[in-house]
Amino acid sequence: MQTKINLTGESEHWTGQLDTTVTKGESEQGVYIISYNKDSWENIQNFKISINNG
């Protein structure tokens with residue numbers, strides 16, 4: 001059995017999207033897309049993405 005999941009979220013500065021497929025509740029394959037909603041990265045001092053157990 002496969003379950004497709006699509007999650008999206010947005011703030012003033014960021015947009016995030018997850019498209020994934022979970023198979024039999026045991027494995028997951030997907031894509032994370034994170035976008036900055038402003039014109040310039042100039043004010044970004046530190047950028048870190050951490051995916052636990054991923």
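Student: How many bridges join β2 to β3?
Tutor: Ten bridges join them, and the two strands run antiparallel. Strands here are DSSP runs (E, at least two residues), numbered from the N terminus. Two strands pair if DSSP finds at least two bridges between them. Before we go on: this is a predicted model, where local features need pLDDT of at least 70, side-chain atom pairs count only at pLDDT 80 or more, and totals for chains, interfaces and linings use all residues. Residues are numbered from 1 along each chain as its sequence is written, and side-chain values use heavy atoms, with hydrogens and water left out.

Student: What sits between β2 and β3?
Tutor: Three residues, and the two strands form a hairpin. Lys24 in that turn has a positive phi of about 55°. Further along the pair, Asp19 stands opposite Val31 in β3.

Student: And in which sense do β1 and β2 pair?
Tutor: Antiparallel, over nine bridges. β1 and β2 also form a hairpin, with three residues between them. Gln2 has Thr23 in β2 as its bridge partner. Thr8 stands opposite Gln17 in β2.

Student: Let's stay with Thr8. Is Thr8 buried or exposed?
Tutor: Thr8 is in strand β1, and Thr8 is exposed at 62% relative accessible area. The scale is simple: buried is under 20% relative accessible area, exposed is over 50%, and partly exposed is in between (1.4 Å probe, protein chains only).

Student: What does Thr8 contact?
Tutor: Gly16 and Gln17, leaving aside neighbours within four places in sequence. Contact means heavy atoms within 4.5 Å. As for Thr23, its C-alpha is 21 Å from that of Thr8, and the two are 15 residues apart along the chain.

Student: What about Gln17, which residues does Gln17 touch?
Tutor: Asn6, Leu7, Thr8, Val31, Tyr32 and Ile33, not counting residues up to four places away in sequence. Gln17 lies in strand β2. Gln17 is partly exposed, at 29% relative accessibility.

Student: Which side chain does the side chain of Gln17 make a polar contact with?
Tutor: That of Asp19, at 2.8 Å. A polar contact is a pair of N or O atoms within 3.5 Å. Within protein, one must be able to donate a hydrogen and the other to accept it, and residues adjacent in sequence count only if both atoms are side-chain atoms.

Student: Next one, Thr20. Buried or exposed?
Tutor: Thr20 is buried, at 5% relative accessibility. Thr20 lies in strand β2. The Thr20 side chain reaches the backbone oxygen of Gln29 at 2.9 Å. Beyond neighbours within four places in sequence, Thr20 contacts Thr3, Lys4, Ile5, Glu28, Gln29 and Gly30.

Student: New topic, charges. How many salt bridges does the count come to?
Tutor: The count comes to one salt bridge. The rule asks for a side-chain nitrogen of Lys or Arg within 4 Å of a carboxyl oxygen of Asp or Glu.

Student: Which residue forms a salt bridge with Glu12?
Tutor: Lys38, with the closest N and O atoms 3.8 Å apart. The pair links distant parts of the chain, 26 residues apart. Glu12 is in the loop between β1 (2-10) and β2 (14-23), while Lys38 is in the segment after β3 (27-36).

Student: Why can such side chains pair at all?
Tutor: Side chains of opposite charge can pair when their charged atoms come close.

Student: How exposed is Glu12?
Tutor: Glu12 counts as exposed, at 58% relative accessibility. Lys38 is partly exposed, at 36%.

Student: And Glu10, where is Glu10 found?
Tutor: In strand β1. Glu10 is exposed, with a relative accessible area of 66%. Glu10 touches Thr15 and Asn37, not counting residues up to four places away in sequence.

Student: Last one. Which residues form the nonpolar patch on the surface?
Tutor: Tyr32, Ile34, Trp41, Phe47, Ile49 and Ile51, with about 650 Å² of accessible area together. Patches are made of residues with over 30% relative accessible area and no salt bridge: like charges are joined within 9 Å, nonpolar side chains (Val, Leu, Ile, Met, Phe, Trp, Tyr) within 5 Å. The areas come from the Shrake-Rupley method with a 1.4 Å probe, and for residues only the protein chains shown count as cover. Ile49 is in the segment after β3.

Terms used: Helices (H or I, at least four residues) and strands (E, at least two) are DSSP runs, numbered from the N terminus.
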